[in-house]
Amino acid sequence: MDCLTMDGRVVRVRTILPEDTPALLALHRRLSPDSRYLRFFSAGAALDAEVHRLTRPSGPDRVSLLVEEGDDVLAAGSYERVDATHADFALVVDDDHHGEGLGTLLLEHLTAAARRVGITELIGDVLANNAAMLQVSGDLAPGVARRLSGDTGTVQVRVPTLPDEAALTAVGVRDRTAAHHSLRPLLTPASVAVIGAGRRPGGIGHEVLAALRAGGYTGALYPVNPHAQEVRGLVAHPTVAATGAVVDLAVIAVPAAAVPDVVRQCCAAGVRAAVVLTAGVDPAAQSEIVHHARRHGMRIVGPNCLGVVNTDPAVRLTATFAPAPPVAGGLAVASQSGAVGVAILDAAARCGIGISSFVSLGNKADVSGNDLLAYWYDDPATRAVALYLESFGNPRRFAWVARAIARRKPVLAVKSGRSEGGQRAGASHTAAAAATDSTVAALFAQAGVIRTDTLGELLDTARVLVDQPLAAGHRLAVVGNAGGLNALAADAAETAALTVPALSPACVEQLGVSGASAANPVDLGAEATPEALAGAIRAVARSGEADLLIVTFVSTRTNDCAATLTAVGAAVDDCPQLPVDVVVVGGGDVPSSLGARRVPVFDLPEPAVLAMGRAARYAAWRREPVGDRPALHDVDHGTARGIVQRALAAGGGWQPADVARSLLACYGVPVVDTRIAADADEAVRLADAISYPVAVKAAAPEVVHKSDIGAVWLGLADAAAVRRAYRAIGMAVGAARPAVTVQPMADPGVELVAGVAHDPLFGSLVMVGLGGVHTDLLGDRTLRLLPLTDHDASAMWRGLRGAPLLTGYRGAPPADTAALEDLLLRLGRLAEDFPEVAELDLNPVLAGPDGCTAVDVKLRLAPVGTEPDPYLRHLLRQAAGTP
């Protein structure tokens, strides 16, 4: 895997092979005596034996990895299993490369490999004075268990292979630091070469060079054209190497067939980043380009992209052929489509949104939206991020990168492909793997991403968030000179999940308006003076009775529009703690914002209010706790692994009910006592033992909607009823002697459905919704990706439209929602431990006052192929032939 060092260099982590023996011996022989002593507890270690150990074939019980940069081996590490759930680990790092995070990177990859084969903890003995190794383990798992041995002077370090929240936070910090350093040559280059800068206006290379010059790029600029002496007044060079300079960024605008050779020339010249504008690059050539660039530490944007922009006055980079440069501001934009990128930049300019940086991702061969999110996390110029996405390269990484940045600055996104036609268009454009819209919605909700359906909604919401404070609540005040606009704003507030509360008498008195006109919305009347409108704004802001404010103004021939807008701008500047939108109708040439605060001006009330609603929901998400992943100490992981391994060895697929129940029992998931009968007589014997009334159902796990075909019989009061039910089930499933389940009748409760579904790209998702026959009819369900926190579990059932049924609807006793949350968390841990759980369906789950119990369980197990690891830092690699 290609990975980043902490200073942003590209290295590769891979399995050690026998042919690596000479390089590994050289690595160990380069170690200083002190380093050898710290690694082997002896300066005279047998290096040949150690290298022989490392070069043995890797397998489930042993893994050896190395880190290489180009042809140089910089570090090596391994683990060897000592029992079912534990393994010993060891690391070595070249003396010249300490402090680059290589040991931590290796340990991350070792824990990931161990996690996949059921190892829960890596153990290492470290000399007490080996501060570097103790730091590595501490970096990977803050609070890692350590035990000092007084006899040997060593510390036993125990690193869990499944990271907790503290470890995930530490991974995120390392990921963002590495990505930020890696992308600095791209977004803050000290020098730029435009390769393919033609002499004639209209060509892409020529226009990019022109844009860079017109934008006032502050660094050194080199046109590269072997057929020209100069381009746009600058000396041209035949190759990037011929510039004789250290070039940070190459902008490549040459024919597709020439791109691989140009990239190789850039790598040889030490170029750190490249933007490949060229479209039509062959998929196999694209894969070759990325491979070559990674070996030389160069990052690539594109191919098939519009370029990059950074409006920082110290950089002023406009390396794009978009029609007009953006104005500087606080919104960072990444677009997978060049055309959509142009649309965003154009619309942002028209509505007054300033851009901090812009990246057109194109084919996303290397640099992705995830990399940019990590970069923008620490970018002081970026106050909000806007994304246009057609696909996810690594949605598991997106989940925790986006969640981290959204905790400090808003992330807005439009994801195309919600419809069948949109999916076809996106796939034809980027060959993207389609994700279900419900999965994308779950990803965004969990990560705090503000999802909008249209680009217009995205920009409307950005206008509210970029230059304004976050709302403290959902109370909206509407003040204006037109009752009709005020009414429309109040109606839109309900759709936006905002309230429009009546103002207090004290506040009304300050407004100077009487009667219904002061109730909120506040109608000052068509004759309202600029001073009256400004005074009302200040009075509402000072009252503390509103969290957000909409100001509406209708310009007529009888009022002074310019004076009113000036007064409104001054008034909103006096209340900086309150988010404000201004709606102006009939004003002609109206500015896009007012006051020093740049309060946005809209031409209609509904978009303004809906944008405020999205901003308020985001602010509420920011106030919510992050949540914790519970320890669940009663989980029997070893027994569960045995169940899964035996089932997969037998072919996997849909599992018998007893296998499903046994696996759930290992995770403490309550299931109704269920017994299997092979014939009618056995069904009666089991029913007699359970005691009546009982339920009898078809046991075949592949049968869907059993009740629809008459394969579920409830409340059977005696043996005769059991026999009748057995015969009916046999006719329903077309079997003379069907296997059936016999269960006691469960206590009544709210019928829910819960379960797990595994997606190879997104990972496992946990689901809860209204169950029984309502599952498909109403479609009332929520989804969350892993890892699942206690806050996620609570938000899942609270997000159901049927949530009131669980809290005592119309006098019914409330369900034990704590037990429901515990059940969801246990399902989440099961899915996290065993991605082989392809489908798990608990339907119904009866949620009552005394707990939650699953009645019917269906389980399908399947082997897991190569999938993104949610906790592993690495760069995406595309296979040849994948655009």
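Modeller: In this predicted model, six strands form an open sheet in the order β24-β23-β25-β26-β28-β27, and their pairing is mixed. The edge positions are held by β24 and β27 (593–594); each has a single partner strand, so one side of each is left without a neighbour in the sheet. Strands of a sheet pair through backbone hydrogen bonds, either parallel or antiparallel.

Helix α16 (residues 483–495) lies across β23, β24, β25 and β26, and runs at about 165° to β23. The helix has 13 residues and reaches 19 Å from its first C-alpha to its last, close to the 18 Å expected at 1.5 Å a residue. Its buried residues are Leu485, Asn486, Ala489, Ala492 and Ala493. They cover an arc of only 125° around the axis, which puts them on the same side of α16. An α-helix has 3.6 residues a turn, so residues three or four places apart point the same way. On the other side of α16, the exposed residues are Gly484, Asp491, Glu494 and Thr495. The cover over the buried residues of α16 includes the strands β23 (476–480), β24 (522–523), β25 (548–554) and β26 (580–585), together with helix α20 (605–623). After α16 comes Ala497, which has a positive phi, near 60°.

Helix α15 (residues 455–466) lies across β26 and β28 (599–602), and runs at about 150° to β28. There are twelve residues in α15, and the helix reaches 16 Å from its first C-alpha to its last, close to the 16 Å expected at 1.5 Å a residue. Nine of these twelve residues are buried, so α15 is largely enclosed by the rest of the structure. The buried residues of α15 are Leu458, Leu459, Asp460, Thr461, Ala462, Arg463, Val464, Leu465 and Val466.

The nonpolar interior comes next. In soluble globular proteins, nonpolar side chains tend to be buried together. Here the largest nonpolar core has 111 residues, and those with the most contacts inside it are Trp376, Leu387 and Phe398. Helix α20 gives the most to this core, with eight residues; α20 is also part of what covers the buried residues of α16. Leu387 touches Leu458, which is one of the buried residues of α15. Among the other residues that Leu387 touches, not counting those up to four places away in sequence, are Ala334, Leu373, Trp376, Phe398 and Val411. A second, separate core has 47 residues and includes Val644, Leu786, Ala793 and Leu820.

Beyond α20, the loop between α20 and α21 (637–649) contains Leu632. This residue has a positive phi of about 50° although it is not a glycine. Leu632 counts as buried, at 13% relative accessibility. Ser691 also has a positive phi, of about 90°, and is not a glycine. Its place is in the loop between α23 (680–690) and β31 (694–698). Ser691 counts as partly exposed, at 42% relative accessibility.

Four of its five residues are buried, so β39 is largely enclosed by the rest of the structure. Strand β29 (residues 653–654) pairs with β39 in the antiparallel sense over two bridges, and Trp654 stands opposite Arg860 in β39. Strand β37 (residues 837–848) also runs antiparallel to β39, joined to it by five bridges. Asp841 has Lys858 of β39 as its bridge partner. Strand β37 contains Pro844, and the peptide bond joining Asn843 and Pro844 is cis, with omega about 5°.

Pro18, in the loop between β2 (10–15) and α1 (21–30), is exposed, with a relative accessible area of 54%. Pro18 and Phe553 are 535 residues apart in sequence, and their C-alpha atoms are 77 Å apart in space.

Notes: Residues are numbered from 1 along each chain as its sequence is written. This is a predicted model: local features need pLDDT of at least 70, side-chain atom pairs count only at pLDDT 80 or more; totals for chains, interfaces and linings use all residues. Side-chain values use heavy atoms; hydrogens and water are left out. The expected span of a helix is 1.5 Å times one less than its number of residues. Buried means under 20% relative accessible area, exposed over 50%, partly exposed in between (1.4 Å probe, protein chains only). The arc is that of the directions from the helix axis to the C-beta atoms. Contact means heavy atoms within 4.5 Å. A nonpolar core is a set of buried Ala, Val, Leu, Ile, Met, Phe, Trp, Tyr and Cys residues joined through side-chain atoms within 4.5 Å. Two strands pair if DSSP finds at least two bridges between them. Axes are lines fitted to C-alpha atoms, for helices over the stretch in contact, and angles run from 0 to 180 degrees between N-to-C directions.
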